Amino acid sequence: MPSKAQWSGKAPGRVNLIGEHVDYLGGVVLPAAVDRYTEVVGGPAADWRMKSDIKGGLRYLRAIAEELGSRPQSVSVTSQVPPGAGISSSAALLVAIASGLQPSMDGKQAALACQRAEQRATGVQVGVMDQFASALGRRGSALLLDCATLDYELVPFPEEVAIAVIDSGEHRSLAATPYNQRRREAEAGDPKRMRHVSSEIARVHSFVDAMRGRDFGRMGGLLKESHQSLRDDFEVSTPNVDALVKRADAIDGCYGARIMGAGFGGSLIALVARDMTQQFASEMGRPVLVCTTADGAFVK
């Protein structure tokens with residue numbers, strides 16, 4: 001920890017309820033900030049230093065600090081956002097640092113700066129959804145975000161439904177997967193990839209309608225349809241993840257599940273009746289994080 005911390009910041013992780021692999025194509029997505037946080041304290045230093053359990057954290061620090069025009073910093077990180085858990089530890093770290101260095105910054109601009117910093121730090125052309133949710137998510141709501149215009153609206157999330165994030169046990173660096181290849185194929189208009197994109201955008205709107213209508217079964221059914229599309233049309237699932245999705249779907253109280261995030265392993269998201277989360281976690285036989293919605297770092 002810096003001997004004389006001059007600033008501090010805090011930002012939440014996020015889930016993406018639905019709208020996968022459409023953000024970087026200007027589609028609509030439905031993320032929510034969740035109640036797992038990364039906290040940072042820091043101050044100017046002679047060179048870049050970071051104390052953190054997040055792998056590669058120093059390059060994230062340097063990337064976002066330089067993006068914001070900051071001189072070298074020494075930073076200490078405490079995080080409840082587990083790396084590789086699918087709730088975007090990298091976005092939480094970047095947004096937490098940005099909120100500490102420039103707390104009065106506009107939330108949209110902070111999210112865009114953090115997106116550029118992550119792209120620079122990793123070489124992966126990530127979209128803006130993760131950073132946007134961590135910066136501007138709202139407790140009690142999901143965030144319907146148009147990634148082309150950055151217009152968004154808050155949609156109430158039902159209290160009776162818990163968000164469960166399940167660790168698949170498969171973890172790998174995105175740079176070592178076909179993630180960038182899938183993105184290039186979609187951007188080039190590959191018919192199979194675009195079938196997923198167009199159907200997924202339609203599912204986002206249907207999910208919002210179901211959420212407003214408190215139709216929990218329909219919400220879960222749309223997650224199941226999303227997984228099938230991610231598996232068959234976008235081809236970012238794995239046999240292990242497919243088996244876990246099937247297991248989750250069969251547990252009483254689970255409305256639906258799907259692979260979440262970039263894919264190729266990682267985590268699943270499931271919607272579960274809140275009063276049945278303990279049974280769900282026990283029957284999954286895998287690490288499960290049960291989350292609720294939370295405020296983003298730049299919510300005033």
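At what angle do the axes of helix α3 (residues 107-122) and helix α4 (residues 129-136) cross? In this predicted model, the two axes cross at roughly 140 degrees and come within 8 Å. The crossing of α3 and α4 is right-handed, and the contact is formed on the α3 side by Gly107, Lys108, Ala111, Cys114, Gln115 and Glu118, and on the α4 side by Gln131, Phe132, Ala135 and Leu136. Sorted by class, the residues in this contact of α3 with α4 are five nonpolar, three polar and two charged.

Helix α3 also packs against helix α2 (residues 89-101), at an angle of about 125 degrees and with the axes 10 Å apart; α2 and α3 are therefore oblique to each other. The crossing of α2 with α3 is right-handed. In this contact, Ser90, Ala91, Leu94, Val95 and Ala98 of α2 meet Cys114, Ala117 and Glu118 of α3, and by class these residues comprise six nonpolar, one polar and one charged. Cys114 and Glu118 of α3 take part in the contact with α4 and also in the contact with α2.

Methods. Residues are numbered from 1 along each chain as its sequence is written. This is a predicted model: local features need pLDDT of at least 70, side-chain atom pairs count only at pLDDT 80 or more; totals for chains, interfaces and linings use all residues. Side-chain values use heavy atoms; hydrogens and water are left out. Axes are lines fitted to C-alpha atoms, for helices over the stretch in contact, and angles run from 0 to 180 degrees between N-to-C directions. Helices (H or I, at least four residues) and strands (E, at least two) are DSSP runs, numbered from the N terminus. A crossing is left-handed if the near helix is turned anticlockwise from the far one by less than a right angle, and right-handed if clockwise. Contact means heavy atoms within 4.5 Å. Ala, Val, Leu, Ile, Met, Phe, Trp, Tyr, Cys and Pro count as nonpolar, Asp, Glu, Lys and Arg as charged, and the others, Gly among them, as polar. Angles under 35 degrees count as roughly parallel, over 145 as roughly antiparallel, 65 to 115 as roughly perpendicular and the rest as oblique.
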